[in-house]
Amino acid sequence: GFFFAKLALWLTQLSGPHFLSAFLLFKGLALLALWATTALVYTVARQLGHQRPWIPAYLFGANPLILLHIAGNGHNDILLACLLMASLCTALSGRWRWASLPLLALSILTKYASLLALPFLLIYLLKKRDVKAIALGAGLSLLLAGGLALAYIDPAQRWPWSAMLDNAGKPQHSLVDMLSQSVYYTVKWLHGPSHQRLDIALQILKPVFWLAFIGVYGCQLLKVIQQPFNRETLVKRIGLVMTVMIALVSAKFHPWYPAMFLPLLVLLPETSRLRQFGLTLSLFQLAGFTVFQNLPVFSELALTVLPLWLAFSN
């Protein structure tokens, strides 16, 4: 996203031509974002009326997967989560609602997955009848997006949609990848290797998964439009659609991706199966640090399907 590109530019300009300085700045940014996200989880938990708000903060901030991938490897997914949680925190506060849309815009301009939260946040603000927050927030968001995009968009050159979609749609460690690989190895065992059949399986599976997700997303939007829409529902619906899209529908899934939706899931009630899935998934994905992650089919079964079955079967 444009914001992260600009942020990376500022940090490297600050560090100058010194690798160690740049390394420490980026590592410091990751740690600050992790601490800030943990604090925001605690704050939102209090806004939601949790009797022990430190528990969701602990379940996220002390999660081994988060510590190893965010504090250790320094993935920028934590910046998406931090800005998304800041957006929700200001939306729930009432006083700072005008800042919720600009903060969400910065989250989207870090990584685009948080775009899924935008309709839910707009519906929440509309149901609160806070027209001032919507108008001011939308104006500031457009100014931010336009200002950050100017440095990277050249009208004389085509926007690289195909390269972006190819990268996002590359099958890797996902359910789509697991099913397509299953087809490939079954056909290979019966008739010999054929990568053409693998491509055909991907061409069929990707649209099927996305059509199913569009159905789920549409149903969630209809529910929040037709039914009472409170704070708990806002967090739950955004957490649900982001988890389904990132962990189950996307053709690409890496072990650090739970950092994007886990802050939302730990805020759900302890009896929530979605919350149980997020926590179980984060523990099972620790095996991604081993060679086990690269075993076709079996790694997805053990690291994603098994946590899903454990959370929803009992």
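# Briefing: helix packing and core contacts

At 15% relative accessibility, Val-297 falls under the 20% limit and so counts as buried. Val-297 sits in the loop between helix H14 (273–284) and helix H15 (298–313), and its phi is near 70°, a positive value in a residue other than glycine. Please keep in mind that this is a predicted model.

**The nonpolar core**

- The largest nonpolar core holds 83 residues. Within this core, Phe-120, Met-242 and Ile-246 have the most contacts.
- Which residues does Met-242 meet, once its neighbours within four places in sequence are left aside? Its partners are Leu-80, Leu-84, Ala-113, Ser-114, Leu-116, Ala-247, Met-260, Phe-261 and Leu-264.
- One of those partners, Leu-116, is placed in the loop between H6 and H7. Leu-116 counts as buried because its relative accessibility is 14%.
- Residues up to four places away in sequence aside, Leu-116 touches Phe-213, Tyr-217, Val-241, Met-242 and Met-245.
- Leu-116 also illustrates how sequence and space can part ways: Ile-238 is 122 residues away from Leu-116 in sequence, with a C-alpha to C-alpha separation of 7.3 Å.

- H5 and H6 pack at an angle of about 170°, and their axes are 8 Å apart. That angle is over 145 degrees, so H5 is roughly antiparallel to H6.
- On the H5 side, the contact is made by Leu-80, Leu-83, Leu-84, Ala-86, Ser-87, Thr-90 and Ala-91. H6 contributes Ser-100, Leu-103, Leu-104, Leu-106 and Ser-107.
- By class, the contact of H5 with H6 has eight nonpolar, four polar and no charged residues.
- Helix H6 (residues 100–108) and helix H7 (residues 118–127) pack at an angle of about 180°, with 11 Å between their axes. This makes H6 roughly antiparallel to H7.
- The residues in this contact are Ser-100, Leu-101 and Leu-104 from H6, together with Leu-118, Leu-121, Leu-122 and Leu-125 from H7.
- Sorted by class, the contact of H6 with H7 comprises six nonpolar, one polar and no charged residues.

**Helix H5 on its own**

- Is H5 largely enclosed or exposed? Of its 17 residues, 16 are buried, so H5 is largely enclosed by the rest of the structure.
- Helix H5 (residues 77–93) should span 24 Å at 1.5 Å a residue, and its end C-alpha atoms are 24 Å apart, which agrees.
- Just after H5, Gly-94 takes a positive phi of about 90°.

**Helix H14 and what covers it**

- The twelve residues of H14 should span 16 Å at 1.5 Å a residue, which agrees with the 16 Å between its end C-alpha atoms.
- Which residues of H14 are buried? They are Leu-274, Arg-275, Phe-277, Gly-278, Leu-279, Leu-281 and Ser-282.
- The cover over these buried residues includes H3, helix H4 (64–73), helix H12 (231–249), helix H13 (262–265) and H15.

**Leu-68 in helix H4**

- Leu-68 is found in helix H4 and counts as partly exposed because its relative accessibility is 42%.
- Not counting residues up to four places away in sequence, Leu-68 touches Asn-73, Leu-286 and Phe-289.

**Two histidines in loops**

- His-50 is found in the loop between helix H2 (19–47) and helix H3 (54–61). His-50 is partly exposed, with a relative accessible area of 25%.
- With residues up to four places away in sequence set aside, His-50 touches Ala-45, Pro-56, Leu-267 and Leu-268.
- From His-50 to Leu-279 there are 229 residues in sequence and 18 Å in space, C-alpha to C-alpha.
- His-173 lies in the loop between helix H9 (161–168) and helix H10 (175–191). At 15% relative accessibility, His-173 counts as buried.
- His-173 has a phi near 55°, a positive value in a residue other than glycine.

Methods. Residues are numbered from 1 along each chain as its sequence is written. This is a predicted model: local features need pLDDT of at least 70, side-chain atom pairs count only at pLDDT 80 or more; totals for chains, interfaces and linings use all residues. Side-chain values use heavy atoms; hydrogens and water are left out. A nonpolar core is a set of buried Ala, Val, Leu, Ile, Met, Phe, Trp, Tyr and Cys residues joined through side-chain atoms within 4.5 Å. Buried means under 20% relative accessible area, exposed over 50%, partly exposed in between (1.4 Å probe, protein chains only). Contact means heavy atoms within 4.5 Å. Axes are lines fitted to C-alpha atoms, for helices over the stretch in contact, and angles run from 0 to 180 degrees between N-to-C directions. Helices (H or I, at least four residues) and strands (E, at least two) are DSSP runs, numbered from the N terminus. Angles under 35 degrees count as roughly parallel, over 145 as roughly antiparallel, 65 to 115 as roughly perpendicular and the rest as oblique. Ala, Val, Leu, Ile, Met, Phe, Trp, Tyr, Cys and Pro count as nonpolar, Asp, Glu, Lys and Arg as charged, and the others, Gly among them, as polar. The expected span of a helix is 1.5 Å times one less than its number of residues.
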